[in-house]
Amino acid sequence: MVDGLVKHYGSVRAVDGVSLRVAEGEIVALLGPNGAGKSTIVEILEGHRHRTTGSVQVLGADPGSAPSWYRDRIGIVLQSSGIDPELTVREVIDTYGAAYERSRPTDEVIEMVELAEKADVRVTSLSGGQQRRVDLALGLVGDPELIFLDEPTTGFDPAARRRGWSLIENLTALGRTVLLTTHYLDEAEHLADRVVVLAQGRIVAEGTPARLRADASASTVIRFVLPDLADPVASMLGQLIGQVAGRGRHVEITTDAPTADLAHVTGWALERGIELAELAVVSPTLEEAYLDLVNEQHGDDEGPGGWTGDGGRAEAGLR
Amino acid sequence: MRTLRLLVVQIRSQNRIFWRVPIGAFFTLVFPVILLVLFVALFGNEDFNTSYGGSSTSQFYTPGLAVFSAASATYTNIGINLTSRRELGILKRIRGTPLPPWVYLAGVVGSAVWIALVSTVVMVSLGALAYGVNIEATKLPAMVVTFAVGSATFAVAGVAISAVARTMAAAQSLTNATLIPLGFVSNVFVSLGVGGDPPRWLEVIGDIFPLKHFAAAFGEAMSPFSDAPAFEWGHLAVMGGWLVAAGLVAVRMFRWEPNRS
């Protein structure tokens with residue numbers, strides 16, 4: 001679907017060689033922090049922006065030339081595109097629906113986004129969440145085969161988010177393909193068949209939510225606090241399999257071999273009769289794994305006073 | 001056929017939007033009528049000398065204010081409306097739908113011309129019925145053609161203004177700061193012949209811009225002294241030139257994406 005996509009803004013490479021394939025009926029989430037290039041990719045696929053290089057094919061069309069039959073078969077929910085504030089919900093959906101070859105009946109669309117009570121209310125009097133649902137309605141009114149959702153539930157309260165999710169799930173039950181962007185991990189996990197993690201215009205990880213979680217839990221974190229800094233710990237830490245990081249007396253070991261490393265640490269402590277305060281073994285959440293990936297791309301340093309040591313294999317990334 | 005249906009949907013939708021903003025509707029439709037009533041009440045409806053010869057107050061003001069209301073229904077409304085739709089991200093949304101962009105723009109222009117027609121008919125009817133302003137069947141075609149050329153010119157100029165204005169506030173200032181002063185040098189609010197000779201440069205400015213030509217051509221088509229069919233080809237040609245120039249600016253500079261990032 002997308003191959004080697006690159007988008008420059010002046011000297012900034014907003015999208016830096018992204019390749020992506022989405023199958024029919026699949027829900028794929030582009031996950032990443034602000035500025036990762038998610039929206040740029042989606043806008044290129046929608047035909048709103050032109051790519052610098054690379055090839056793109058969606059539904060057999062090149063969105064760059066954006067033929068009108070292509071826009072007839074896609075639905076777009078942008079992050080922040082306005083709706084005529086003077087018109088009522090029904091009038092807006094009627095007007096936009098008229099442009100599509102096979103549009104859904106307005107009442108059906110209003111029902112789908114649960115705005116029946118507000119159907120004859122002007123858009124300007126709606127709450128932010130309700131306006132977002134009109135956004136969604138306008139993305140659906142053309143009965144699209146492929147739907148782009150750019151941060152569909154940003155600004156929703158938790159209950160509205162759940163409802164938004166069930167709506168999106170209903171769409172895919174109809175066999176629709178969805179490409180959504182989000183910076184909420186739980187949203188990607190809840191909705192997507194496949195998650196693509198982006199940072200600085202590159203794909204840093206890709207897989208089903210379960211796969212990402214499994215890969216993430218492969219790296220376990222062992223944490224403890226040393227009683228006394230004077231103790232020569234460096235040689236012991238050097239023998240560990242995982243990667244060591246710490247600040248002052250706090251030590252954190254990220255390891256793919258938690259059993260061996262934990263035995264090593266506790267054996268060393270027992271030998272010296274040291275009690276390791278706050279000893280904990282933690283499986284990182286998907287959230288932490290994701291933040292790790294993103295931070296790696298940013299090349300974040302440890303804060304002042306931090307120190308790192310490399311114990312053997314230091315890879316904590318997802319593949 | 002389908003395109004025509006889409007165009008009708010767009011024009012109706014834009015009309016709805018117009019009527020739901022009372023302040024815009026007031027300035028376009030009611031304000032010029034108030035001016036006509038005021039001017040006739042202030043100056044009396046006697047004949048006075050204009051650069052075109054003797055005329056009653058209402059015979060002078062009716063076509064001028066009709067033209068002014070048509071210009072503000074098209075130029076001012078489109079300039080502000082399109083800019084606000086762009087900055088709200090509505091134009092960008094339109095680009096993501098199969099609606100051909102030109103049909104959307106034609107809807108905006110068509111709706112504005114329709115409102116201009118309503119305001120012109122209201123003004124001319126008021127002048128004829130209340131003040132006995134002259135209307136002749138043989139000069140009606142000239143009135144219609146002049147209205148069509150003039151309102152098309154100001155509509156396209158409105159699109160051009162929205163292409164130039166980066167914000168809604170800029171569009172409001174640009175349209176009002178151009179149209180209202182022009183009204184004073186274009187024989188709309190005052191006759192340049194009254195009160196001695198006006199400075200030459202004021203006349204030149206009036207001659208350059210299309211409002212004076214719109215008012216003059218429409219005034220001739222309503223004048224009791226002109227000969228039927230009263231087509232003013234020179235004035236129409238100047239407006240045509242502006243139509244083409246504004247069209248070029250609009251085509252080259254119009255953007256669908258909001259300027260806010």
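Analyst: We begin with contact: two residues are in contact if their C-beta atoms, placed from the backbone, lie within 7 Å. Helices (H or I, at least four residues) and strands (E, at least two) are DSSP runs, numbered from the N terminus. This is a predicted model, in which local features need pLDDT of at least 70 and side-chain atom pairs count only at pLDDT 80 or more, while totals for chains, interfaces and linings use all residues. Residues are numbered from 1 along each chain as its sequence is written, and chains are lettered from A and ligands numbered from 1 in the order in which they are written.

User: Which residues of H1(B) and H5(B) meet?

Analyst: From H1(B), Thr3(B), Leu6(B), Leu7(B), Gln10(B), Ile11(B), Gln14(B), Asn15(B) and Phe18(B) meet residues of H5(B), including Val103(B), Tyr104(B), Trp114(B) and Ile115(B). This contact has ten nonpolar, seven polar and no charged residues, where Ala, Val, Leu, Ile, Met, Phe, Trp, Tyr, Cys and Pro count as nonpolar, Asp, Glu, Lys and Arg as charged, and the others, Gly among them, as polar.

User: At what angle do H1(B) and H5(B) pack?

Analyst: Two packed helices are described by the angle between their axes and the distance between the axes. Axes are lines fitted to C-alpha atoms, for helices over the stretch in contact, and angles run from 0 to 180 degrees between N-to-C directions. Helix H1 (residues 2–19) and helix H5 (residues 101–131) of chain B pack at about 55°, with their axes 8 Å apart. That makes H1(B) oblique to H5(B), since angles under 35 degrees count as roughly parallel, over 145 as roughly antiparallel, 65 to 115 as roughly perpendicular and the rest as oblique.

User: How should I read a sheet?

Analyst: Start from pairing: two strands pair if DSSP finds at least two bridges between them. In chain A, six strands form an open sheet with mixed pairing, in the order E5-E6-E7-E3-E8-E9. Its edge strands, E5 (74–77) and E9 (202–207) of chain A, each pair on one side only, and the twist averages 15° from one strand to the next. Helix H5 (residues 128–140) of chain A packs on this sheet, touching E5 and E6 (146–150), and its direction makes about 165° with that of E5(A).

User: How many bridges join E3 to E8 of chain A?

Analyst: Four bridges join strand E3 (residues 27–31) to strand E8 (residues 194–199) of chain A, and the two run parallel; Ala29(A), for example, has Val195(A) as its bridge partner in E8(A). By contrast, E11 (residues 243–247) and E12 (residues 250–255) of chain A run antiparallel and are joined by five bridges. Their hairpin has two residues between the strands, and there Gly248(A) takes a positive phi near 60°.

User: Is Asp120(A) buried or exposed?

Analyst: A residue is buried if 20 or more other C-beta atoms lie within 10 Å of its own, exposed if 12 or fewer, and partly exposed in between, with C-beta atoms placed from the backbone. Asp120(A) is exposed because it has 9 other C-beta atoms within 10 Å. Asp120(A) is found in the loop between helix H4 (106–112) and H5 of chain A, and, leaving aside residues up to four places away in sequence, Asp120(A) touches Thr88(A) and Arg90(A).

User: How many residues of chain A are in contact with chain B?

Analyst: There are 20 residues of chain A in contact with 18 residues of chain B. Helix H2 (68–73) and helix H3 (89–97) of chain A each supply at least two residues of the side of chain A that touches chain B.
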